[in-house]
Amino acid sequence: MFEQAGAHYAAGAVEQLGVYERHQPVGGAWALDHEAGTLRIGEVTVHQSPPGSLGNDGSWLWAWANERTHPPGSSRLTLAEWLRDFGERNQIYEFVTPRLELAEFPEPERAAWRLASVSLGALGTRGFASLPLESGARAFVLVDDAEVPAAGFDGGALTGLLDRALNLFPYDPRLTVAGYLRRHGLETRESADGRQVQGERDGYAVAVRFTEDDLIAAVSHGARTGPQSARTVSE
């Protein structure tokens with residue numbers, strides 16, 4: 001169920017994360033204040049909430065289970081507790097288990113990044129950051145700040161975006177395409193042979209065609225003027 005949720009939210013999360021990182025570029029001096037709910041990097045400060053942290057032993061601890069750092073009842077736990085409820089509703093083990101042993105994965109930080117990506121997508125927040133602590137652990141924060149722009153649909157960037165999303169969550173490419181198009185308000189449908197996912201909104205159409213091996217063969221988008229029309233095609 002986690003992989004399914006990841007596939008659904010992957011492209012939207014990757015897209016929004018890119019917008020956030022342009023708004024608050026990584027690198028340079030940073031300051032994290034859980035009490036104030038802020039993250040400053042360089043000259044840019046945003047509002048943030050903690051979903052969880054990655055320990056130096058490769059374990060992920062959800063913020064709602066980290067009572068020493070985040071006392072129960074803290075207002076900053078609102079998003080983390082929503083994610084726990086989201087996991088309960090959708091039977092996602094990873095979101096309801098207080099501690100996850102990510103050291104079992106070849107790249108624990110990548111596994112934590114995937115948790116944060118699904119969190120961003122499910123909540124519809126504006127980004128997330130991974131911050132190195134002196135202990136060797138990493139603090140993850142979700143950026144829930146309206147000053148960070150929301151990503152807009154860009155058909156010309158769709159091929160590259162889907163490649164990045166499927167690298168992060170390769171579970172179901174068709175679900176990844178459909179989830180992304182629905183995020184931007186397009187009505188979607190799949191062809192009878194399962195080889196194409198289409199989306200349309202206000203006369204604008206997108207079609208993503210797949211090979212027999214479930215690889216993306218082509219992406220087309222543009223104003224619809226007929227059953228097969230589209231302005232731009234990327235192979």
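The second largest pocket in this structure has a lining of 16 residues, and those nearest its centre are F2, E94, L102, F105 and A111. Helix 1 (2–23), helix 3 (93–96), strand 5 (99–101) and helix 4 (108–123) each give two or more residues to that lining. Helix 4 gives the most, with four residues.

Before going on, some ground rules. This is a predicted model, in which local features need pLDDT of at least 70 and side-chain atom pairs count only at pLDDT 80 or more, while totals for chains, interfaces and linings use all residues. Residues are numbered from 1 along each chain as its sequence is written, and side-chain values use heavy atoms, with hydrogens and water left out.

Now the terms used so far. On a 1 Å grid over the protein atoms alone, a pocket is an open set of points where a 1.4 Å probe fits, with protein on both sides within 12 Å along at least five of seven lines; a cavity is a set from which the probe cannot get out, and lining residues have an atom within 4 Å of a point. Helices (H or I, at least four residues) and strands (E, at least two) are DSSP runs, numbered from the N terminus.

Back to the second largest pocket. Its volume is about 310 Å³, where a volume is the space filled by probe spheres set on the points, and grid points are joined across faces, edges and corners. What classes of residue are in its lining? There are eight nonpolar, no polar and eight charged residues. In this count Ala, Val, Leu, Ile, Met, Phe, Trp, Tyr, Cys and Pro are nonpolar, Asp, Glu, Lys and Arg are charged, and the others, Gly among them, are polar.

Next, the largest pocket. About 400 Å³ of space lies in it. It is lined by 23 residues, and S53, N66, T69, L133 and A137 are the closest to its centre. At least two lining residues come from each of strand 3 (44–54), strand 4 (59–62) and strand 7 (138–143). Strand 3 gives the most, with four. Here the classes are ten nonpolar, ten polar and three charged.

On to salt bridges, meaning a side-chain nitrogen of Lys or Arg within 4 Å of a carboxyl oxygen of Asp or Glu. The count by this rule is seven. In one of them, the side chains of D57 and R99 meet at 3.0 Å, N to O. D57 sits in the loop between strand 3 and strand 4 and R99 in strand 5, so this pair ties together parts that are 42 residues apart in sequence. R99 also meets E101 in a salt bridge, at 3.1 Å, N to O.

D57 is partly exposed at 41%, R99 is partly exposed at 41%, and E101 is partly exposed at 37%.

Another salt bridge joins R174 and E190, with the closest N and O atoms 4.0 Å apart. R174 is in helix 6 (residues 173–183) and E190 in strand 8 (residues 187–190), so the pair ties together parts that are 16 residues apart in sequence. R174 is buried, at 15%, whereas E190 is partly exposed, at 47%.

R76 is in the loop between strand 4 and helix 2 (78–90). It is buried, with a relative accessible area of 11%. Which residues does R76 contact, leaving aside neighbours within four places in sequence? They are H34, E35, S49, P50, T69, H70 and P71, a contact being heavy atoms within 4.5 Å. The R76 side chain also reaches the backbone oxygen of T69 at 2.8 Å.

The other residue is S119, in helix 4. Its relative accessibility is 1%, and it counts as buried. Not counting residues up to four places away in sequence, S119 touches W62, L83, F95 and L142. S119 and P50 are 69 residues apart in sequence, and their C-alpha atoms are 11 Å apart in space.

Methods:
Buried < 20%, exposed > 50% of the residue type's maximum accessible area, 1.4 Å probe, protein only. Polar contact = N/O pair within 3.5 Å; in protein donor to acceptor, adjacent residues only side chain to side chain.
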